[in-house]
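Dear colleague,

Please find below the structure that I am handing over to you. The findings follow after it, arranged by topic.

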Amino acid sequence: MPHIRLIYFNVELRAELIRLILTHGNIQFEDVRFEKEDWPRIKEQNDFLFGQVPILEVDGEQIAQSSAIVRYVARMAGLAGKDSLEQAKADMLADAFSNDIIEKFYRIAFFERDEEMKTRLECEFRDCIMPDFLDRLERYYISNGGHFLLGNDMCYADLAFYRMINVCKRYLRCSHPRLRDLYHKVASLPNISKWEQSKPKTRF
């Protein structure tokens with residue numbers, strides 16, 4: 001097994017899905033965290049590819065870009081999908097959760113400075129975007145007829161779904177019983193449950 005170091009701020013944000021996949025896959029890794037105020041020093045002392053984090057080091061080799069890291073560790077953990085079509089579907093779902101939902105949430109929660117606009121965007125996200133997205137996702141889940149999003153075998157998209165719900169919980173105002181059951185199924189996985197109890201508590 002290679003020596004793996006995940007380097008990121010002491011927050012969840014763009015690294016938490018990576019941590020969840022590694023944890024669920026029983027892949028040992030060094031969870032290297034630092035505070036925001038230490039970033040200039042850390043960046044100067046380390047030749048990070050593209051000057052960004054997260055960085056995954058695998059026996060000293062760097063992998064940058066969170067989505068590339070996610071796919072790499074999903075393959076390591078056997079969660080990427082059983083064939084090329086299922087892999088594409090897992091990537092499709094994970095990208096939708098990240099790009100269509102989480103990134104929109106971050107823009108509203110962290111970057112919108114106009115309070116009136118922020119309130120309007122929050123209402124739109126809560127009352128329109130999330131219900132429509134979850135309606136479509138639940139229909140897709142039901143149509144696949146399995147215990148997990150793509151059938152009876154778990155893939156990393158299920159962990160990406162779990163992560164998305166954790167990020168956006170405060171905006172959930174609708175009932176999707178099958179998706180709720182899926183969330184609790186993932187949350188109750190032994191390694192995930194243990195991780196949630198033991199991980200560092202952070203604001204984001």
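**Pockets**

Two elements, strand S1 (4-9) and helix H4 (84-111), each contribute at least two residues to the lining of the largest pocket. Please bear in mind throughout that this is a predicted model. H4 provides the largest share of that lining, namely four residues. The space in the largest pocket amounts to about 480 Å³. Its lining consists of 14 residues, and those nearest the centre are Val11, Leu13, Lys36, Phe110 and Phe204. Sorted by class, the lining of the largest pocket comprises nine nonpolar residues, four charged residues and one polar residue.

The second largest pocket holds about 350 Å³ of space. It is lined by 19 residues, with Arg14, Leu17, Ser66, Val70 and Ser98 closest to its centre. Helix H3 (66-76), H4 and helix H6 (156-168) each supply at least two residues of this lining. Here H4 gives the most, with eight residues. The classes in the lining of the second largest pocket are nine nonpolar, five polar and five charged residues.

One further residue of H4 may be of interest to you. Glu103 is located in helix H4 and is buried, its relative accessible area being 18%. Apart from neighbours within four places in sequence, Glu103 is in contact with Arg14 and Ser98. Arg14 and Ser98 are also among the residues closest to the centre of the second largest pocket.

In soluble globular proteins, nonpolar side chains tend to be buried together. In this model, the largest nonpolar core contains 70 residues, and the residues with the most contacts inside it are Ile21, Phe97, Leu137, Leu149, Phe161 and Met164. H4 gives the most to this core, with 11 residues.

Phe97, Leu137 and Leu149 are themselves listed with Phe161 among the residues with the most contacts inside the core.

**Salt bridges**

Side chains of opposite charge can pair when their charged atoms come close. Across the whole structure, 17 salt bridges are found. Three of them are described here.

Arg5 pairs with Glu57, with the closest N and O atoms 2.9 Å apart. Because Arg5 belongs to strand S1 and Glu57 to strand S3 (residues 55-58), this pair ties together parts that are 52 residues apart in sequence. Arg5 is partly exposed, at a relative accessible area of 23%, whereas Glu57 is buried, at 15%.

Arg19 forms a salt bridge with Asp31, and the closest N and O atoms are 3.1 Å apart. Since Arg19 lies in helix H1 (residues 16-24) and Asp31 in strand S2 (residues 30-34), the pair ties together parts that are 12 residues apart in sequence. Arg19 is buried, with a relative accessible area of 0%, while Asp31 counts as partly exposed at 24% relative accessibility. Both residues also belong to a network of salt bridges that links Glu12, Glu16, Arg19, Asp31, Arg33, Arg163, Glu196 and Lys199.

Glu122 lies in helix H5 (residues 115-144) and Arg170 in the loop between H6 and helix H7 (177-187), so parts that are 48 residues apart in sequence are tied together. Glu122 is buried, with a relative accessible area of 19%; buried means under 20%. Arg170, at 48% relative accessibility, counts as partly exposed.

**An exposed proline**

Is Pro40 buried or exposed? Pro40 is exposed, with a relative accessible area of 54%, and it is placed in helix H2 (residues 39-45). Pro40 and Asn26 are 14 residues apart in sequence, and their C-alpha atoms are 32 Å apart in space.

With kind regards

Technical notes:
Residues are numbered from 1 along each chain as its sequence is written. This is a predicted model: local features need pLDDT of at least 70, side-chain atom pairs count only at pLDDT 80 or more; totals for chains, interfaces and linings use all residues. Side-chain values use heavy atoms; hydrogens and water are left out. On a 1 Å grid over the protein atoms alone, a cavity is a set of points where a 1.4 Å probe fits but cannot get out, and a pocket is an open set with protein on both sides within 12 Å along at least five of seven lines; lining residues have an atom within 4 Å of a point. Grid points are joined across faces, edges and corners, and a volume is the space filled by probe spheres set on the points. Ala, Val, Leu, Ile, Met, Phe, Trp, Tyr, Cys and Pro count as nonpolar, Asp, Glu, Lys and Arg as charged, and the others, Gly among them, as polar. A nonpolar core is a set of buried Ala, Val, Leu, Ile, Met, Phe, Trp, Tyr and Cys residues joined through side-chain atoms within 4.5 Å. Buried means under 20% relative accessible area, exposed over 50%, partly exposed in between (1.4 Å probe, protein chains only). A salt bridge is a side-chain nitrogen of Lys or Arg within 4 Å of a carboxyl oxygen of Asp or Glu. Contact means heavy atoms within 4.5 Å.
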